[in-house]
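The structure comes first, followed by notes grouped by topic.

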Amino acid sequence: MSVEVSVLSNGMRIVTEAMPHLESAALGVWIKAGARNETDKEHGVAHFLEHMAFKGTTSRTARQIAEEIECVGGDVNAATSIETTAFYARVLKDDVPLAIDILSDILTNSVFEEAELKREQHVILQEIGATLDSPEDLVFDRFQETAYHDQAIGRSILGTPDTVAGFSADHLKTYLANHYQAPNMVLSAAGNVDHDKIVKLCEDRFSAFSDRKVPEHKKATYSGGEYLATRDLMEAQILIGFEGRAYHVRDYYASQLLATVLGGGMSSRLFQEVREKRGLCYSISAFHWGFSDSGIFGIHAATGEADLGELVPVILEQLQQAGSDIKIKEVDRARAQIAAGLLMSLESPASRAGQIARQILLFGRPISNKELLERINAITPARLAELAGRLISESNPTVAAIGPVNNMMSQMEIAERLGSNAKIAAQ
């Protein structure tokens, strides 16, 4: 396998990884613009644009877009995140030119017809409603909003019923013109692909994008805080978090490893103590989300009202213990889990295409799995324990809970229990 990178005349980057033993290819365009690049009035427009891109161009109707890709057995889709948006396809190797043509068409020639716009607004309003009806999804939205109070990075990707209902074709065109610029975009392909042929196709198909640089988004400021919503549910969905680490800082990979040690599987500390030993919940996990200039380290669990009062102190106890002692066998096990995930991703062209695209956008270059594993293998148990201690002592906790949460420990009580030195932010 080999990764090649080229830059088009307008500054758009093309990255490919050849996997010649395959009969297929995965490819897509990743844009370094997502929900956090929106203004207040644009809240939800990045996701809305992702939907509308498939609703017709100057040369294809929405039906023709779907039929052309599916007539060759392929598929096309898109996804919006906080910091990126991706439009991608999976096809057989001979149909890569068709996939590039369709992707370029929806990104350069979408017409945003009024009838399609109104119809898709209704669809997204239903999507928002489904999230509001799903406490296990909603609690993550409220957690992000609480951690980054009154900032674009903290807002729901979907937008609100009011903002979505107010979008026009001009809103989409303005966001597209402001953020979809060639230096901000990467076309990534993995599988049975020819780098030079893809570069030639892209030079022709994506030449319409300007070489203008896109302004940086406003720097994120983690605040922490508390969101508690009592609902008549069987389970309480709870999240407890702390300020994490950005992609570019020293402790980013250590934070990923710590999350795996604490709650990355059935052998993790939290699963063994909370579920296997005490039976306080069905599932519990830890995670670390990195952004370009910030991050969140969190723990998620769901439990009944009767067990909530016992569950949270046990979670906090495990956090405190991690800050004083982490065993080498735990670190080795977490390293093995991460290494297996990285190596397994080599078997999936879709995973590889997305992985190397994000690396180009975030770090400016592809990072080999060897380099990633070397960074992870260099992290010691002492360093993880020191990081765990700083996470819980140096930042305001973020607490979000939905359901029967009358017995939920407050943010201030959690901070006091952990001995946090951070000043609780008033919101």
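The largest nonpolar core holds 56 residues, and Ile238 and Met408 have the most contacts inside it. A nonpolar core is a set of buried Ala, Val, Leu, Ile, Met, Phe, Trp, Tyr and Cys residues joined through side-chain atoms within 4.5 Å; buried means under 20% relative accessible area (1.4 Å probe, protein chains only). This is a predicted model, in which local features need pLDDT of at least 70, side-chain atom pairs count only at pLDDT 80 or more, and totals for chains, interfaces and linings use all residues. Residues are numbered from 1 along each chain as its sequence is written, and side-chain values use heavy atoms, with hydrogens and water left out.

- Met408 touches Leu228, Ile238, Ile240, Leu308, Val312, Val399, Ala401 and Ile414, not counting residues up to four places away in sequence (contact: heavy atoms within 4.5 Å).
- Another core, of 51 residues, lies apart from the largest one and includes Ala25, Ala89, Ile102 and Met185.

**Helices α9 and α15**
- Helix α9 (residues 252-263) packs on helix α15 (residues 381-394) at about 90 degrees, with the axes 10 Å apart; helices are DSSP runs (H or I, at least four residues), numbered from the N terminus.
- The two helices, α9 and α15, are therefore roughly perpendicular (65 to 115 degrees).
- From α9, Ala254, Ser255, Leu257, Leu258 and Val261 meet Arg383, Leu384, Leu387, Ala388 and Leu391 of α15.

**Helix α10**
- Arg269, Leu270, Phe271, Glu273 and Val274 are the buried residues of α10 (residues 269-277).
- Just after α10, Gly279 has a positive phi of about 65 degrees.

Terms used. Axes are lines fitted to C-alpha atoms, for helices over the stretch in contact, and angles run from 0 to 180 degrees between N-to-C directions. Angles under 35 degrees count as roughly parallel, over 145 as roughly antiparallel, 65 to 115 as roughly perpendicular and the rest as oblique. Buried means under 20% relative accessible area, exposed over 50%, partly exposed in between (1.4 Å probe, protein chains only).
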